[in-house]
Amino acid sequence: MSNRPRSSLRRILEDLGSTVLDVAASPGELDAEVTGVHIYDPLDELLLAEGNILLAVGVDRAEQICALLDAAGPAAGVVVKQPVDVDELVRAKVLETGVAVLGLTRAASWAQVAALLRSLLAEGDLAEPGEAPADDLFSLANAVCALLDAPVTIEDRSSRVLAYSGRQDEADPGRVETVLGRQVPMRYRRMLEERGFFRKLYQSHEPIYLELDGDSIHRAAVAVRSGDEILGSIWAAVREPLSDQRQRALADAAKIVALQLLRQRAGADTRRRLRADLLSTVLAGGKDAAEAAGRLGVASERLCVLAAQLSGRSDGDAARRESDRQRFCDALALHVGAIHPKAAAALVGSVAYAVLPLHAGSGGEEESRAVRVAESFLARVGPRHPANIGVGRLAGNLSEVARSRADADRALRVLRAREASGAVAGYTGVHFEALLLQLADLAEAEEQAPTGPYERLLAYDAEHGSELVPTLRAYLDAFGDVNAAATRVHVHANTFRYRLKRLTEIGGLDLGDSEARLTVMLQMRIFGR
């Protein structure tokens, strides 16, 4: 196997095939290097890094395409849903700007094509300078395709597509749908399970031939193993059983794929640890932050830190929890990366941190925009990943990122204290609650205890089983409205007045004194009894 070429526009088109992406208008050769993926949002300023592919969501008219080409600057290409409205003005603008216009099949979602493109570009992430990327699964899939003369997919145990070869347009609609969705559709998986194909596949150490009904092309498949562990499988769309020579080639390919999957598993863990270490250095904001930011490729000015944490139950299998956290962090990285090419996210402990660059705005606006980004992310992941996100204040440079991270942590802690789920909080919006939690920590560390009227009321309730403290809390929460407070504690207003009289006598509390009210209210919040 040879090392995979750099990610040129031509290479990406060859990998995806004309079933997914096609050239609508080209400036000539398609050798421009592709460096990233950017999703177009008409409400945001368009900032593209050199070599980005711009996914033009909602753009369908020729004049819109021309305007995007003018604004795209150093982009490698602009992707528009088919049919693409290409006229002479568009062709002239493509030649003028040197930016290709590509057509995306209407069957694909923007989320699918963004994930496909990022998977093709991800192989060299965090490689050291001069370090060549290892042979990857896409190269292997293309090699197996050449050996078998058939389009190939490599899938994991859950029938998720890890890689695929070219020539997928020669296969049947089911294969095309599988490649677009990066997952074998449920109806096909159910059919394979009902007919015992998966059981037969995983029991056999040799390739098997599967005859499918209808217009579907038959399949040759082999399990990918590491000892007794099933890592996945290779599937080739074929019209007749494989010859003995091709059977042997497919079996040998499974061994190479197994080694690559194991290597990728180890490499992914290493890269994730490296990203987490680098992002931790950036978040610390020390002397090494600039170098770490450079290696991560994140911005160094006008940053907000997001602290995201799953809010579901923490019991159950520890490995499953860690896997859920990692998938959640990967989704967050994908989301912020689509918003800004110099954003980054990594899992540090149980919290997924993201560093999000923001454009200049008026005071306080940046934090609000970061909160909207976080809310949009939680809306996308929905009930699959119930979580909370704290958002820190804007950091003007890397030296202030540590403060933004502390802000985000405190905002996240407020949400945990509220027992919230699926919530986002900006630090400025929960500043006072965060301060009270810090005071509670200080009081606990110094082994402080309630004093004065509040101490006496707590002691009386504990000794007599009375409800004087809840009565006082209801009265203060209702701003002295006896009727409203009585309703809160479910007693008659006269009973409430009697309790109120008793607690002032027993506690020695003057409810007409604003300082006395503030003192007891703060003690209630700090000591939380």
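I began at Glu155, which stands opposite Val161 in strand E7 (strands, E, of at least two residues, and helices, H or I, of at least four, are DSSP runs numbered from the N terminus). Before going further I noted that this is a predicted model, in which local features need pLDDT of at least 70 and side-chain atom pairs count only at pLDDT 80 or more, while totals for chains, interfaces and linings use all residues. I also noted that residues are numbered from 1 along each chain as its sequence is written, and that side-chain values use heavy atoms, with hydrogens and water left out.

**Strand E6 and its partners**

I looked up the pairing of E6 with E7 (residues 161-164), which is antiparallel over 3 bridges; two strands pair if DSSP finds at least two bridges between them. The hairpin of E6 and E7 has 4 residues between the strands, and there Ser159 takes a positive phi near 65°. E6 is also joined to strand E10 (residues 229-237) by 5 bridges, again in the antiparallel sense, and the bridge partner of Ile154 in E10 is Ile234.

I then checked burial (buried means under 20% relative accessible area, exposed over 50%, partly exposed in between, with a 1.4 Å probe and protein chains only). In E6 (residues 152-156), 5 of the 5 residues are buried, so the strand is largely enclosed by the rest of the structure. Val152, Ile154 and Asp156 lie on one side and Thr153 and Glu155 on the other, and both faces are covered. I set beside this the general rule that side chains in a regular strand alternate between the two faces of the sheet.

**The open sheet**

Next I traced an open sheet of 5 strands, which runs in the order E1-E5-E4-E3-E2 with mixed pairing. At its edges stand E1 (21-25) and E2 (36-39), each with a single partner strand, so one side of each has no neighbour in the sheet. From one strand to the next the twist averages 30° (axes are lines fitted to C-alpha atoms, for helices over the stretch in contact, and angles run from 0 to 180 degrees between N-to-C directions).

E2 pairs with E3 (residues 52-55) in the parallel sense over 4 bridges, and His38 stands opposite Leu54 in E3. Helix H2 packs on this sheet, where it touches E3, E4 (77-81) and E5 (100-104), and its direction makes about 155° with that of E4; contact means heavy atoms within 4.5 Å.

**Salt bridges**

I found 24 salt bridges listed for the structure, each being a side-chain nitrogen of Lys or Arg within 4 Å of a carboxyl oxygen of Asp or Glu. One of them joins Lys93 to Asp70, with the closest N and O atoms 3.1 Å apart. This pair links distant parts of the chain, with Lys93 in helix H3 (residues 88-97) and Asp70 in H2 (residues 62-71), 23 residues apart. Lys93 counts as buried at 16% relative accessibility, whereas Asp70 is partly exposed at 46%.

I also looked up Glu177 and Arg187, whose closest N and O atoms are 2.6 Å apart. Glu177 is in helix H6 (residues 173-181) and Arg187 in helix H7 (residues 186-194), 10 residues apart.

The last pair was Arg403 and Asp407, with the closest N and O atoms 3.9 Å apart. These two are 4 residues apart in helix H13 (residues 401-417), and so are separated by about one helical turn. Arg403 is partly exposed at 33%, whereas Asp407 is buried at 0%.
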